[in-house]
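Colleague: Please take a close look at one part of this model for me. I would like the strand pairing there, and then whatever surrounds it.

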Amino acid sequence: MAASLVLAAGANDAGLVAACGPKGDRSWMCSTVYRITGDATAADVADALAKPIRILVILVVAWIAVLISRAIISRFVRHLSGGVERLATLRPGVAIVDTARMTPERSARRAATIGAVLRNIAAVLIWSIAVLTILEELGVNLAPLLAGAGIAGIAIGFGAQSLVRDFLTGLLMLVEDQYGVGDVIDVGLATGTVEALSLRTTRLRDLEGVVWHVPNGEVHRVGNKSQQWARALVDVGIGYDADVDTAIEVIKGAANALRRDDEYGRYILDEPDVLGIESLSPERVVIRIVVRTQPQEQARVARALRARLKVALDEAGIPVPAS
């Protein structure tokens, strides 16, 4: 009985080798199908389908990994602002990133910017690994390919130093939160609203609708008009025969009334400050008033304040020179 089992096992092994090849070279699907069916033709079909199925599995796993990475990154960036603010309590006076408190809108824009960049990086890494794995499944020898890629990378690194600088500068811009999508910035080369930010370039749209693509390495200084708060500055010229103290009281009253206004009051952060006489000219005395506002709302507040001042000065009978 035992001898017959041994002979049967040997026969089966011989058939398995004939159908699927020697151990170590046969596919799992081919050997499984042959053991279940005992049919060499079915095993051949399974062997032919094994490689495409493995490639399909790799693609599906990569796709799922991209989805998971996006979910993890989205969850991470939602808590990013709180984590950055907590850095300020670790070492007072020492900070790697800007630890100033952000408004909810600012935090949302920063999270969107960093999240988009991190999702792109994760997707590129995952699909690159998937492509290399598929090439290995197809029998491509990756050693010469990787060696050639390393040599090419060194050559490109020497020849594209500006590209490396753009990437490093873009990374520091994101970490330091110098600006983000939706901010109005002045980078010297152009001024406008940030529409997109990557590790290599920043895309701006100016007031005329022109789109500017600025390499991050070319940004040597940034003026951000959207962070924390802004200031509306209005100069009011009155005639020399007007009483300055009365004019200052009228200007302050108009500014305080604007702050209590339901439409514009939400844009004003502090009590308006009348600085006094700013300059003298042969025609007028210039009084300056400043109002701290929400970011990017200084122009709106300044226009509304000028309208209020015009009405208030006319009602008080304070002359305003024509030029």
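Modeller: Strands β7 (residues 273-280) and β8 run antiparallel and are joined by 6 bridges. Strands are DSSP runs of E with at least two residues, helices are runs of H or I with at least four, and both are numbered from the N terminus. Two strands pair if DSSP finds at least two bridges between them. The model is predicted, so to speak of local features pLDDT must be at least 70, and side-chain atom pairs count only at pLDDT 80 or more, while totals for chains, interfaces and linings use all residues. Residues are numbered from 1 along each chain as its sequence is written, and side-chain values use heavy atoms, with hydrogens and water left out.

Within this pairing, Ser-279 stands opposite Val-286 in β8. A hairpin of 4 residues connects β7 to β8.

Strand β8 (residues 285-293) also pairs with β6. Strand β6 (residues 230-238) is antiparallel to β8, over 9 bridges. There, Val-234 has Ile-289 of β8 as its bridge partner. Strand β8 is mostly covered, with 8 of its 9 residues buried. Buried means under 20% relative accessible area, exposed means over 50%, and partly exposed lies in between (1.4 Å probe, protein chains only).

Asp-235 forms a salt bridge with Arg-288, with the closest N and O atoms 2.7 Å apart. Asp-235 lies in β6 and Arg-288 in β8, so the pair ties together parts that are 53 residues apart in sequence. A salt bridge is a side-chain nitrogen of Lys or Arg within 4 Å of a carboxyl oxygen of Asp or Glu. By this rule the count comes to 9. Asp-235 is partly exposed, at 38% relative accessible area. Arg-292 puts its charged end over the ring of Trp-229, 4.9 Å from the ring centre. The rule for that contact is NZ of Lys or CZ of Arg within 6 Å of the ring centre and within 35 degrees of the ring normal.

Asp-261 lies in the loop between α8 (244-259) and β7, and Arg-308 lies in helix α9 (residues 298-316), so their pair ties together parts that are 47 residues apart in sequence. The closest N and O atoms of this salt bridge are 2.9 Å apart. Arg-308 is partly exposed, with a relative accessible area of 31%. Asp-261 is partly exposed too, at 22%.

Helix α9 holds a further pair. Asp-314 and Lys-310 meet in a salt bridge (2.4 Å, N to O). Both lie in α9, 4 residues apart, about one turn of the helix. Asp-314 counts as partly exposed at 44% relative accessibility, whereas Lys-310 counts as exposed at 51%. Elsewhere, salt bridges that share partners join Glu-195, Arg-203 and Arg-205 into one network.

The model also has an open sheet of 5 strands, in the order β4-β3-β2-β1-β5, with antiparallel pairing. Its edge strands are β4 (211-215) and β5 (223-224), each pairing on one side only. Strand β3 (residues 201-205) pairs with β4 in the antiparallel sense over 5 bridges. Thr-201 stands opposite Pro-215 in β4.
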